[in-house]
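Dear colleague,

Please find the structure below, handed over for your records. My notes on it follow directly after.

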Amino acid sequence: MPKLKIFFHALMLAASLAGCSEQRVEPSGAPAGGDFVLRSADGPVDTRNLRGKVLLIYFGYTQCPDVCPASLAAGAQALNALSAEERMKVRLIMVSVDPERDTLGRLKEYAAYFHPEMIGTTGTTEEVAAVAKSFGAGYIRQPTRPDGGYAVDHTTRTYVVGPDGRLAASLDLGTPAEKFVVTVRALLK
Ligand code: NI
């Protein structure tokens, strides 16, 4: 699985770069997430306005061939497994690591494909980089192919922020939707 190897490499690179500037860090040394403001087609998404809710945050891009759809489908499945009352307290947020191509309109359309309540967000290259870094997420834009396209290798974890605004967990690629549900419910208690 050379692709997974690349993701791992990206993660390691991000980790090795993490030490040289300010960021919220847990006592263990792991990145602790943090509030952010990004844009969506329906207006700004400011996590400070989402206290009391569980946030499922995924860094990906709409032209991702395989990994993003699998991860986002699990998040969407989890939303569907929750009761309507629980779901009101959960937000599934995709942060595009491809701000060059992922317009707000494109992100909205892509998000809706997975779940009507999923939110697609992006920002400037610098804003997206800062948010990813605060969560310890890495991504690397690959060279442009002869056909003009390019891939962006990225961390494949879904970050779970609790109602208190703190990073509570991160779920690996391949985590079943049931585990998402269990994680969300534990935080909503
Ligand atoms: Ni992807």
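Which residue lies over the face of Tyr150 at 3.6 Å from the ring centre? That residue is Arg141. Arg101 also lies over the face of Tyr150, at 3.5 Å from the ring centre. A charge is taken to sit over a ring if NZ of Lys or CZ of Arg is within 6 Å of the ring centre and within 35 degrees of the ring normal.

Please note that this is a predicted model, in which local features need pLDDT of at least 70 and side-chain atom pairs count only at pLDDT 80 or more, while totals for chains, interfaces and linings use all residues. Residues are numbered from 1 along each chain as its sequence is written, and side-chain values use heavy atoms, with hydrogens and water left out.

Metal site. The nickel ion is coordinated by Cys64 (SG), Cys68 (SG) and His154 (NE2) at 2.0 to 2.1 Å. Donors are N, O and S atoms within 2.8 Å of the metal (3.2 Å for Na, K and Ca); water is not among the atoms, so sites may look incomplete. Along the chain, the donors of the nickel ion have the spacing C-x3-C-x85-H. Cys64, in the loop between strand S3 (54-60) and helix H2 (67-81), and His154, in strand S7 (residues 152-154), are 90 residues apart. Helices (H or I, at least four residues) and strands (E, at least two) are DSSP runs, numbered from the N terminus. Cys64 and His154 are both buried, where buried means under 20% relative accessible area (1.4 Å probe, protein chains only).

Aromatic pairs. Rings of Phe, Tyr and Trp (its six-membered ring) pair if their centres lie within 6.5 Å, and planes over 60 degrees apart count as edge-to-face. The count by this rule is six aromatic pairs. Among them, Phe36 and Phe135 have ring centres 6.3 Å apart and planes at 75 degrees, so the pair is edge-to-face. Phe36 lies in the loop between helix H1 (2-17) and strand S1 (37-40) and Phe135 in helix H5 (residues 125-135), so the pair ties together parts that are 99 residues apart in sequence. Both Phe36 and Phe135 are buried. Phe36, Phe59, Phe135 and Tyr159 form one aromatic cluster.

The rings of Tyr110 and Phe114 are also edge-to-face, because their planes stand at 70 degrees, with the centres 5.1 Å apart. Tyr110 and Phe114 are four residues apart in helix H4, about one helical turn. Tyr110 is buried at 13% relative accessible area, and Phe114 is buried at 14%.

Yours sincerely

Methods: Buried means under 20% relative accessible area, exposed over 50%, partly exposed in between (1.4 Å probe, protein chains only). Rings of Phe, Tyr and Trp (its six-membered ring) pair if their centres lie within 6.5 Å; planes under 30 degrees apart count as stacked, over 60 as edge-to-face and the rest as tilted.
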